[in-house]
Amino acid sequence: MPSTSPHLARGRPHLRRAVSILTILVVTAWIRSLSFLIQLQKEFDPRRGAADHEHTSAAPIPNKPPITQDIQSERRDASSSKDVHIVFSTDCSGYQHWQSIALYYSAKRSGHLGPVTRIASGCETWAQDEITEEWRKIDPTRTRFRVHFTPSFALVGSNYKYSNKPGGLHHWITRTDIQERFIALLDPDMMLLRPITPELRVGLTAVPVSHDRSSRNLMEYVDRQGTVQFLRRGNLPELPLRVEEGMAAGQHFGIGTLWVSSGMKDARKDFRNFNLTAVCGKDSPCLNTPRRNNHGGYTTREQAENYYSVGPIYICAASNWRKLLPRWHEFTPSVHAQYPKLLAEMYAFTMAAADRELKFALASSWMVSDAQTMSPTESWLWIDEYGKKSESARNIRTVCDGATSNSLPTETLGRIRNYGYGNYNGDTPVYNGPLPVTLHYCQRYLFANHTFAKHKMRHDFFRCDGDPLMFDTEAVLKALNSYSNDKVQKRTAFMICHLIPLMNMALGDYKRDVCIQ
């Protein structure tokens with residue numbers, strides 16, 4: 001009779017226990033083996049989503065290739081920019097008209113695939129007709145370059161026109177069938193060098209910046225090819241994988257901790273007597289102290305610094321914009337009443353974001369603007385590195401070397417080619433160096449008898465008999481030779497050698513689209 005027969009097992013308890021233990025061990029081993037096989041299949045399943053593979057660390061780039069998009073590829077491309085709708089707000093002046101056209105052509109040249117919409121507030125009927133016809137000539141499909149007209153939302157009695165931004169966007173989003181999942185809000189005085197995509201940390205590894213002592217505590221986010229995609233402060237919360245519902249992204253601006261200190265002894269003068277409750281309401285999360293009976297959350301300085309110190313570019317899911325815009329539109333007049341200055345609408349935006357508890361992943365790489373700033377919240381570090389592979393005597397010249405009146409510098413074209421997108425002619429060698437997404441020309445730039453200042457531009461620059469901006473390559477390079485390690489002059493020359501060619505290329509594109517019938 002077998003030793004494991006039922007009646008024998010019942011008669012010998014110790015044998016029954018042994019059988020039970022053996023059974024458990026066999027089942028456990030089988031489950032573990034099955035789990036391992038399932039995990040192994042996931043690791044090599046080509047249909048598996050990229051998000052399951054990503055991680056961020058300061059360690060060396062792993063041997064295993066990360067998947068950088070929802071489609072598998074070794075390099076990021078611009079395909080996901082098709083789902084990003086770029087918008088910007090203007091009044092109906094000629095001053096912001098030429099900026100609108102320049103922004104569109106720069107977006108198109110950068111390789112951005114999503115639509116670009118100008119929200120124009122306060123235009124009379126005849127102006128609406130003229131703009132509509134001009135836009136039709138620029139983009140006969142009426143899908144890539146669009147315009148939406150709204151009433152003026154300038155604050156009555158104060159001539160504060162920047163309230164057109166929240167008012168105009170709220171008007172647009174409540175009256176437009178938006179097909180794209182994401183909306184990126186830019187300022188009209190921006191030109192793109194790279195397309196805007198919703199991916200953030202997808203497929204990237206965080207690497208501390210160590211080659212520039214003045215830029216300590218900065219992190220670069222690098223893909224498997226060694227191409228740097230993002231630059232940001234190292235003490236910020238971890239960069240999310242991508243923009244999604246409930247997580248936005250934007251350019252790092254040092255404004256969050258100013259308003260959140262309102263009413264406190266150490267507040268800046270403009271906010272010492274600022275009443276947040278009058279703006280946000282008595283139970284809003286944007287308030288800076290706990291509510292009575294702990295009703296509702298509040299915003300701490302750390303939260304404001306980490307998530308709400310943001311400015312344009314703002315990138316959010318369209319669904320989040322629909323929740324945010326009514327509050328931004330509502331808050332702006334109340335903020336301006338207590339803070340009647342240029343940035344009132346920006347402070348109102350950050351307060352509205354805190355009120356909606358919409359966190360922003362901050363980065364420095366969305367723009368460069370002020371050549372004199374030494375703040376790490378702009379990506380000037382990348383411009384300062386131009387020419388690092390060149391002979392020292394020619395180092396500073398590389399920000400302009402190769403530029404003409406209608407062509408960007410050689411190293412810039414090489415960096416664009418390295419990213420793998422951009423609609424630029426020529427076969428410039430690839431150069432492995434990063435670029436900011438936009439040039440924000442809100443400053444005045446003067447170098448070697450060249451000036452680029454938006455307030456000095458002809459409002460009718462884009463016309464069929466229009467002349468390009470003057471650019472003397474030799475004069476610029478000669479002037480650069482007189483500087484050695486002057487960062488401000490190098491940065492200023494960079495802006496001159498990019499803004500002027502970009503404007504002239506846009507003028508050529510405009511004449512091709514509008515004037516040649």
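Colleague: What makes Asn235, Leu236, Pro237, Phe360 and Leu362 contacts of asparagine 306?

Modeller: Contact means heavy atoms within 4.5 Å, and asparagine 306 meets this with Asn235, Leu236, Pro237, Phe360 and Leu362, leaving aside its neighbours within four places in sequence. This is a predicted model, in which local features need pLDDT of at least 70 and side-chain atom pairs count only at pLDDT 80 or more, while totals for chains, interfaces and linings use all residues. Residues are numbered from 1 along each chain as its sequence is written, and side-chain values use heavy atoms, with hydrogens and water left out.

Colleague: Why is asparagine 306 called buried?

Modeller: Its relative accessible area is 15%. Buried means under 20%, exposed over 50% and partly exposed in between, with a 1.4 Å probe and protein chains only; asparagine 306 is therefore buried.

Colleague: How many cavities of 30 Å³ or more does a search of the whole structure find?

Modeller: The search finds 2. A cavity is a set of points on a 1 Å grid over the protein atoms alone where a 1.4 Å probe fits but cannot get out; lining residues have an atom within 4 Å of a point.

Colleague: Which residues line the second largest cavity?

Modeller: Ala102, Tyr105, Ser106, Arg109, Tyr424, Leu502, Met505, Ala506 and Asp509 line this cavity, which holds about 40 Å³.

Key: On a 1 Å grid over the protein atoms alone, a cavity is a set of points where a 1.4 Å probe fits but cannot get out, and a pocket is an open set with protein on both sides within 12 Å along at least five of seven lines; lining residues have an atom within 4 Å of a point. Grid points are joined across faces, edges and corners, and a volume is the space filled by probe spheres set on the points.
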